[in-house]
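The following note concerns aromatic contacts, charges over rings and backbone geometry. Please read the points alongside the model.

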Amino acid sequence: EAVRESEERLRLALDAGSMATWDVDLESGVFTWNEETFRLLGYAPNSITASYEAWTRRVFPEDLVKAERAFKDSLESGDDLRSEHRVLGQNDEVRWIEARGRSERDESGKAVRLFGVMVDMTERKRAEEALRESELRFRLALTNAPVSVAMQDRDLVYRCAYNQHTRTADEIIGKSDDELFA
């Protein structure tokens, strides 16, 4: 009863966190996925047999070599697996995932099982890209502005400088007014 309750709590936590789980018996080649894994990879739950081939069909082609290398390196080294790559989700929408896992080894040190989780981090990646684009637009605007612009942090140390006429940005950044105008 205690084991059943523990498994139920784990299932609820995984569902609440939208965490996809995977487990591979390396000796038999049998893959086990939870329903979220199927969904994350763009499959209806239990509509296909979980397999290496089913996973590779959904990994974004440009990321497949890198993702496979991360899994192989983890198996060879015994280090935890950590991989970020894109997959084709539902309706072939490109999704970013982070895969984390580890291997289980037999007495001789041979990997016999690889298991872990995948988390959809698409929204974070989109936010990071929007921030990069915003910063680029900001820098372009300041670089092309017809005035000198410089910004200081809380300690009154210059952190950026644009269009300075008497000094270069390298001469200003990292210094305070006391250092510049003493």
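Helices (H or I, at least four residues) and strands (E, at least two) are DSSP runs, numbered from the N terminus.

1. Basis of the values. This is a predicted model, in which local features need pLDDT of at least 70, side-chain atom pairs count only at pLDDT 80 or more, and totals for chains, interfaces and linings use all residues. Residues are numbered from 1 along each chain as its sequence is written, and side-chain values use heavy atoms, with hydrogens and water left out.

2. Aromatic pairs. Rings of Phe, Tyr and Trp (its six-membered ring) pair if their centres lie within 6.5 Å; planes under 30 degrees apart count as stacked, over 60 as edge-to-face and the rest as tilted. Across the whole structure, 5 aromatic pairs are found. W33 and F38 form an edge-to-face pair, because their ring planes stand at 70 degrees, with the centres 5.1 Å apart.

3. Burial around W33. Buried means under 20% relative accessible area, exposed over 50%, and partly exposed in between (1.4 Å probe, protein chains only). W33 counts as buried at 10% relative accessibility, and F38 is buried with a relative accessible area of 3%.

4. The contact of W33 with Y43. The ring planes of W33 and Y43 lie at 25 degrees and the centres are 6.5 Å apart, so this pair is stacked. It links distant parts of the chain, 10 residues apart: W33 belongs to strand β2 (residues 30–33), and Y43 to the loop between α2 (35–40) and α3 (52–58). At 12% relative accessibility, Y43 counts as buried.

5. Aromatic cluster. One aromatic cluster is formed by W22, Y52, W55 and F71.

6. Charges over rings. A charge sits over a ring if NZ of Lys or CZ of Arg is within 6 Å of the ring centre and within 35 degrees of the ring normal. The charged end of R113 is placed over the ring of F115, 4.7 Å from its centre. Likewise, the charged end of K125 sits over the ring of W96, 4.5 Å from its centre.

7. Most residues other than glycine have a negative phi. Which value does phi of D92 take? Phi of D92 is near 60 degrees, a positive value in a residue other than glycine. D92 occurs in the loop between β3 (81–88) and β4 (94–105) and is partly exposed, with a relative accessible area of 49%. Phi of L156 is also positive, near 60 degrees, and L156 lies in the loop between β6 (149–152) and β7 (158–162).
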